[in-house]
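Subject: Handing over the two-chain model

Hello,

Here is the structure I promised to pass on. Please open it first, then read my notes below.

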Amino acid sequence: MTLISRNGLTRRSLLKTSALAAAGTLATPALLRAQSSELVAGCAGSHTAWMEALVVPHMKKTLGADILFEGTKSSVNLEKMASNRDNPYLSVVQMDDPVMIQAVEEDLLAPITAEAVPNMTDLRPDAVHMDGMWCNYVQPWAGIAYNTDLTEGVPSWQALWSPEAQGRIIIPSLQNTEGMWTLFMAAMLGSGKPFAEAQYEIDAAFAKLEELKPNLLSVYSTMSQAFNLLEQGEISMLSGSFSSYALPRKAEGVPVDLAAPQEGIFAMPSGICLVKGGPNAELATGYVNEMLGAELQAAIADFATSVPANTTVTAGAVIPDGVQIYSPDWAFVSQNRREWIDRFDKLMAI
Amino acid sequence: MTARVDRIALLAVPGLAYLAVVYALPLLLLLAKSVRTPDGLSLAEYGAFFADDYNMGVLARTLRVAALTTLLALLIAYPTAFAMARARGPWLTVFLVAMVLPMSLGVVVKAFAWSILFRANGFLNTALQGLGIITEPMRMLFTETALVVGAANVFLPFMVLPIYAVVRQMDSRLPEAAASLGASPWFRFFHVTLPLTLPGVVAGSAFTFSMAISMYVIPSLIVGERQQTLSMLIARSFLYLRNEPLGSTISAVLLAIAILVVVSSSVLARRLGARQ
């Protein structure tokens with residue numbers, strides 16, 4: 001029964017007002033949705049500098065598109081895609097290969113085809129994955145970043161374990177893709193096997209990582225803070241660091257350098273993909289086409305000291321001579337990564 | 001029966017609707033995820049969470065850090081609130097600005113600033129070495145002490161302001177009356193002033209503890225991944241392990257602790273109010 005209150009306000013009118021207020025709250029995101037010339041791209045936090053300087057103006061010039069980008073970790077981008085599966089707001093995502101595999105398994109990606117993205121045909125064959133579910137665009141190389149005021153160089157990955165480095169090392173968490181490099185190198189050093197076999201020796205890797213604990217100042221999940229500590233001399237070495245971040249800082253005159261130790265270095269698996277059902281599909285394929293094109297590849301490769309995937313581009317980083325560059329079995333990583341993260345966090349906990 | 005709805009109640013409707021949509025509903029979904037399994041409803045995730053030594057260590061650290069942060073903030077805030085209550089004119093403005101202005105500064109900036117101060121060649125180590133207290137730099141960064149100090153700094157206004165509000169309303173003649181009856185300064189403080197200000201202490205402690213127990217950015221930047229807190233475990237579960245039941249379970253545990261603190265402090269404050 002609806003009863004009239006002293007002020008003429010009924011319970012029904014109160015409920016109506018509440019419903020309208022709730023509807024208004026729910027409707028707000030629709031009002032804020034992107035306009036047709038806008039494209040939302042997910043990328044890594046470390047991409048921010050070249051996204052702002054190169055990609056955003058390039059896409060405005062060539063496609064007339066306004067690019068909004070969200071810089072975060074690949075795993076976070078994956079979670080955003082999965083959580084918004086029914087109503088995606090990201091159109092394109094730049095993330096790492098092992099996370100791309102998970103995204104394919106969860107049916108979150110739309111394939112990239114040569115018809116829609118002609119520049120795809122200029123890529124190295126190994127830069128196109130799973131029949132075009134994603135492509136690598138530029139690839140930085142990863143080694144050990146070090147403070148040049150404190151260390152003359154890092155000839156071997158074994159330097160991370162040296163007694164002189166006690167409390168002076170930071171390594172990435174396995175939450176970050178670059179965290180895998182320390183794990184795999186620990187597997188090589190711990191098992192004594194070549195990389196091709198050692199990458200599957202995960203028990204040996206964790207045993208070797210445990211020996212690293214006295215030398216650790218911290219384990220990072222936010223690279224910028226860890227790199228700042230390296231620049232300030234709080235630590236002497238930062239494991240798993242990569243060329244697109246470390247070498248531009250060196251070029252700016254900061255006392256850091258990136259070592260390519262004798263045991264080998266790693267290729268960062270930077271990929272780009274189309275989000276299945278993402279808004280502005282045509283603009284999204286245009287974006288991917290430009291990212292794989294010679295002009296933008298050359299600019300990014302130079303800016304971020306990376307190796308271009310487009311074979312017509314001669315600019316960019318040069319892989320250091322005389323060292324092996326490794327690319328692991330990402331399917332194996334993708335399959336086991338969650339278990340490794342859990343094991344790693346428990347092993348490294350204080 | 002007559003159900004009366006005051007028109008004033010309408011003022012709360014937008015806020016309640018907003019909270020219902022962006023807070024209560026997701027919270028219910030979250031709680032549902034923590035007990036839903038393919039075989040039906042189950043508390044198995046809770047059992048697994050509490051059976052894991054690592055999780056228990058994280059829970060203990062989270063509670064310890066929140067308690068120490070609250071204690072440190074209280075020790076600093078209590079005398080500060082009295083100084084503010086006594087301040088007049090421009091000094092009061094200075095105090096209030098000093099309390100409120102830092103709140104406009106992002107927590108990331110504050111946490112990063114503390115990480116600079118705690119470095120081996122940072123201000124604190126340099127000062128201690130300069131004073132001859134230590135000869136070699138002390139390890140401060142990435143320690144629990146650093147986390148407590150940094151967090152207490154960030155949450156200090158939330159402790160000071162409730163105590164200040166109570167102290168300001170306190171009848172200053174009551175301690176004077178006690179003095180006139182021969183009470184010593186210690187007796188006056190413990191038997192008159194402190195009981196009168198306890199409601200502010202309880203409110204400030206509840207605020208600070210609730211925020212300290214759920215902080216994420218501050219521990220992420222000051223102690224890193226090796227000393228995780230419950231909030232960091234939640235993020236790790238959802239984003240990296242992609243284990244929604246575990247993340248939901250930890251969220252529910254954190255929520256239960258926060259509710260316990262808020263309800264207990266509310267009951268305590270009411271009892272203290274009734275006693276006075």
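A residue is buried if 20 or more other C-beta atoms lie within 10 Å of its own, exposed if 12 or fewer, and partly exposed in between, with C-beta atoms placed from the backbone. Helices (H or I, at least four residues) and strands (E, at least two) are DSSP runs, numbered from the N terminus.

This is a predicted model, in which local features need pLDDT of at least 70, side-chain atom pairs count only at pLDDT 80 or more, and totals for chains, interfaces and linings use all residues. Residues are numbered from 1 along each chain as its sequence is written, and chains are lettered from A and ligands numbered from 1 in the order in which they are written.

**Chain A, the enclosed strand**

Start with strand β14 (residues 270–275) of chain A. Six of its six residues are buried, so β14 is largely enclosed by the rest of the structure. Which strands pair with β14(A)? Pairing here takes at least two DSSP bridges between two strands.

- Strand β3 (residues 92–96) of chain A pairs with β14(A) in the antiparallel sense, over five bridges. A:Met95 has A:Gly271 as its bridge partner.
- Strand β4 (residues 109–110) of chain A runs antiparallel to β14(A) and is joined to it by two bridges. Here A:Ala110 stands opposite A:Leu274.
- Strand β6 (residues 134–136) of chain A is also antiparallel to β14(A), with two bridges. A:Asn136 stands opposite A:Gly271.

Chain A as a whole holds twelve helices and 16 strands. It has 350 residues, and 47% of them count as buried. Two residues are in contact if their C-beta atoms, placed from the backbone, lie within 7 Å. Take the contacts in chain A between residues at least 6 apart in sequence: 74% join residues at least 24 apart.

**The nonpolar cores**

A nonpolar core is a set of buried Ala, Val, Leu, Ile, Met, Phe, Trp, Tyr and Cys residues joined through C-beta atoms within 7 Å. The largest one has 148 residues. A:Ala41, A:Val92, A:Cys135, A:Met237, A:Tyr287 and A:Val288 touch the most other members. Helix α7 (residues 144–169) of chain B gives the largest share of this core, 14 residues. Domain 1 and domain 2 of chain A both give residues to this core, so it lies between them.

Look at A:Tyr287. Leaving aside neighbours within four places in sequence, its contacts are A:Leu39, A:Ala41, A:Met59, A:Leu63, A:Ala65 and A:Val92.

**Chain B**

Helix α11 (residues 230–240) of chain B is mostly covered, with nine of its eleven residues buried. Among them are B:Met232, B:Leu233, B:Arg236 and B:Phe238. Just after α11(B), B:Arg242 takes a positive phi of about 50°.

Chain B has twelve helices and two strands. Of its 276 residues, 33% count as buried. Its C-alpha atoms fill a box of roughly 75 × 70 × 35 Å along the principal axes.

An unreviewed UniProt entry lists residues 59–268 of chain B as "domain: ABC transmembrane type-1". UniProt positions follow the numbering used here, feature names are shortened, and annotations may be inferred rather than shown by experiment. Residues 59–268 of chain B are 78% helix and 0% strand.

Best wishes

Notes: Domains from an automatic or database assignment.
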